[in-house]
Amino acid sequence: MITIYHNPRCSKSREGLLFLELEGKPFTTVKYLNEPLTKEELTTLIKKLGITPIELVRTKEKIWISDYKGKELSDSEVIEAMLQHPNLIERPIVVNGDKAVVARPAEKIKDIL
């Protein structure tokens, strides 16, 4: 089953959602700002993406700049920051089985279909 981790206020996330709708494949939508991820879920997503936690952070967000920028953070601390401030999580994330992509641009979704 395909899942999109979606923020309706983000244009790139809306593009990812539209891409999936046009593909016509069934998928579920997780509005992760309303349904916060658990540490296990976020860690699993990072593993499926094949990236380090810092690569999933939106480093231009105000909260990152004010509270975290320039600090030496462990992977665990970066994950904790994303759990405390879900808007730091890059979006949209699309998962299909054991594969996942940050769908920027939306066409990256093709890589996991």
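1. Starting with the sheet: strand 3 and strand 4 run antiparallel, joined by 4 bridges. Bear in mind that this is a predicted model. The two strands make a hairpin with 2 residues between them, and Gly97 in the turn shows a positive phi of about 65 degrees.

2. Now for the side chains of strand 3. Side chains in a regular strand alternate between the two faces of the sheet. Ile93 and Val95 point one way, Val94 and Asn96 the other, and all of them are buried.

3. The largest nonpolar core has 22 residues, and those touching the most other members are Tyr5, Leu37, Leu42, Leu56, Met82, Ile89 and Ile93. Helix 2 (39-49), helix 4 (75-84), strand 3 (93-96) and strand 4 (99-102) each put at least two residues into this core. Another core lies apart from it, with 11 residues, including Ile2, Phe19, Val94 and Ile109.

4. Leu37 deserves a click in the viewer. Leaving out residues up to four places away in sequence, Leu37 touches Tyr5, Tyr32, Leu42, Leu45, Leu83 and Ile89.

5. What about voids? The count is 1 cavity of 30 Å³ or more, and the largest cavity holds about 30 Å³ of space. Its lining consists of Tyr32, Pro36, Leu37, Met82, Leu83, Pro86 and Ile89. By class, that lining is 7 nonpolar, no polar and no charged residues.

Terms used. Residues are numbered from 1 along each chain as its sequence is written. This is a predicted model: local features need pLDDT of at least 70, side-chain atom pairs count only at pLDDT 80 or more; totals for chains, interfaces and linings use all residues. Side-chain values use heavy atoms; hydrogens and water are left out. On a 1 Å grid over the protein atoms alone, a cavity is a set of points where a 1.4 Å probe fits but cannot get out, and a pocket is an open set with protein on both sides within 12 Å along at least five of seven lines; lining residues have an atom within 4 Å of a point. Grid points are joined across faces, edges and corners, and a volume is the space filled by probe spheres set on the points. Ala, Val, Leu, Ile, Met, Phe, Trp, Tyr, Cys and Pro count as nonpolar, Asp, Glu, Lys and Arg as charged, and the others, Gly among them, as polar. A nonpolar core is a set of buried Ala, Val, Leu, Ile, Met, Phe, Trp, Tyr and Cys residues joined through side-chain atoms within 4.5 Å. Buried means under 20% relative accessible area, exposed over 50%, partly exposed in between (1.4 Å probe, protein chains only). Contact means heavy atoms within 4.5 Å. Two strands pair if DSSP finds at least two bridges between them.
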